[in-house]
Amino acid sequence: GLSNGKPTLVVPFFGDQAFWGLVCARERVGPDPLPHYKLTPDNLAAAMAYCLRDDIVANAQAMKGKLSAERGIEKGIEAFERHLPIRGGAWQCEVWEHQRWYLGVGWSSKLLPTDPWPFADESGYQPRSMNSFTLPAGWKWLGGWTIEAPVGCMDSGGYEYAHSWQSDWHNGDLRGDKVRRRKWVRRRVGDPHFAPRQPPAASPRVLHSTRPRVVYLKVVEGRGLRAPEAASKCDPYVRMYILRNGQVLQKQRTRVL
């Protein structure tokens with residue numbers, strides 16, 4: 001409604017509708033939200049009368065201009081892409097390696113039950129193996145797995161250290177540090193030479209038989225099997241017939257989902 005310059009009355013009953021009703025009231029483009037369980041003929045009439053006031057109509061018209069210049073979809077896409085693991089035009093896959101220090105042993109990948117996984121995502125609590133990354137169709141790797149050391153890292157192995165998993169991470173092994181981690185990365189890009197496999201065109205199949213028999217048919221490829229039924233719609237069914245001497249003995253139809 002507001003995108004068309006119309007005052008808006010919100011009757012919330014689910015989710016974030018009450019929040020947006022309060023926003024409309026704050027911006028004076030509509031009355032306070034009316035929860036459905038408090039709705040009566042009197043307060044509904046009062047809310048509609050509020051929407052018809054000249055100042056509320058003018059505010060809604062002004063909001064229309066703000067919304068049209070907002071570029072909400074483009075900004076949403078930009079915000080989404082900023083959080084994607086893309087580096088230098090390539091999609092970056094990441095695995096974090098975690099280790100703990102033990103007296104008399106040193107650094108080890110044998111962790112405590114409450115510790116992160118030895119190889120995991122950045123949170124440490126979603127296990128992730130370098131061998132588990134399978135390339136989807138149409139992608140190719142740019143080299144193998146490499147260590148991405150933090151900025152200013154002074155450790156030859158690319159580790160950053162902390163006193164505990166909840167502590168702040170820092171460069172260099174300081175006295176009292178008990179845990180460390182490092183990041184492995186591998187990049188992939190789209191393969192320009194990839195050609196997706198085209199599904200075979202559907203064609204009718206005829207089963208010839210001179211003896212009565214039970215026939216079991218299984219549709220294993222349903223793509224492209226919709227045929228026009230009328231000018232305005234398509235038939236979502238695959239039809240199967242058993243004929244003998246031109247006479248239909250049995251017919252069946254299967255819906256294509």
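Q: Is Ile 56 buried or exposed?
A: The relative accessible area of Ile 56 is 0%. This is a predicted model, in which local features need pLDDT of at least 70, side-chain atom pairs count only at pLDDT 80 or more, and totals for chains, interfaces and linings use all residues. Numbering starts from 1 along each chain as its sequence is written, and side-chain values use heavy atoms, with hydrogens and water left out. The cut-offs are under 20% relative accessible area for buried, over 50% for exposed and in between for partly exposed, with a 1.4 Å probe and protein chains only, so Ile 56 is buried.

Q: Which element holds Ile 56?
A: Helices here are DSSP runs of H or I with at least four residues, strands are runs of E with at least two, and both are numbered from the N terminus. By that scheme, Ile 56 is found in helix 3.

Q: Which residues does Ile 56 touch, leaving aside those up to four places away in sequence?
A: Touching means contact, that is, heavy atoms within 4.5 Å. With sequence neighbours up to four places away not counted, the list for Ile 56 is Pro 7, Arg 28, Val 29, Gly 30, Tyr 50 and Cys 51.

Q: How far apart in space are the C-alpha atoms of Ile 56 and Lys 6?
A: Along the sequence, Ile 56 and Lys 6 are 50 residues apart. In space, C-alpha to C-alpha, the figure for Ile 56 and Lys 6 is 9.0 Å.

Q: Why do the buried residues of helix 2 line one face of the helix?
A: The buried residues of helix 2 (residues 41-51) are Ala 47, Tyr 50 and Cys 51. Take the directions from the helix axis to the C-beta atoms, whose arc is the one used here. Looking down the axis of helix 2, the buried residues line one face because they fall within an arc of 100°.

Q: Which exposed residues sit on the face of helix 2 turned away from its buried side?
A: The buried residues of helix 2 pack against helix 3. The face turned away from that buried side carries the exposed residues Pro 41 and Asp 42.

Q: Which residues make up the largest nonpolar core?
A: A nonpolar core is a set of buried Ala, Val, Leu, Ile, Met, Phe, Trp, Tyr and Cys residues joined through side-chain atoms within 4.5 Å. The whole core has six residues: Leu 2, Val 10, Cys 24, Val 29, Ala 60 and Met 63.

Q: What is the volume of the second largest pocket?
A: Work on a 1 Å grid over the protein atoms alone: a pocket is an open set of points with protein on both sides within 12 Å along at least five of seven lines, and lining residues have an atom within 4 Å of a point. Points are joined across faces, edges and corners, and the volume is the space filled by probe spheres set on them. For the second largest pocket, that comes to about 210 Å³.

Q: Which element gives the largest share of the lining of the second largest pocket?
A: The lining consists of Leu 2, Trp 20, Val 23, Cys 24, Arg 26, Glu 27, Val 29, Met 63 and Leu 67. Helix 1 (17-26) and helix 3 (54-68) are the elements that give two or more residues to that lining. The largest share, four residues, comes from helix 1.

Q: What stands out about the phi of Arg 28?
A: Most residues other than glycine have a negative phi. Arg 28 is in the loop between helix 1 and helix 2, and is partly exposed, with a relative accessible area of 38%. Although not a glycine, Arg 28 has a positive phi of about 55°.

Q: Where does Trp 117 lie?
A: Trp 117 counts as partly exposed, at 45% relative accessibility. Among the residues that Trp 117 touches are His 98, Leu 111 and Tyr 125. Its place is the loop between strand 3 (106-108) and strand 4 (119-120).

Q: What distance separates the C-alpha atoms of Gly 172 and Glu 160?
A: Gly 172 lies in the loop between strand 7 (170-171) and strand 8 (179-190), and counts as buried at 12% relative accessibility. Glu 160 is 12 residues from Gly 172 along the chain, and their C-alpha atoms are separated by 6.5 Å.

How values were computed. On a 1 Å grid over the protein atoms alone, a cavity is a set of points where a 1.4 Å probe fits but cannot get out, and a pocket is an open set with protein on both sides within 12 Å along at least five of seven lines; lining residues have an atom within 4 Å of a point.
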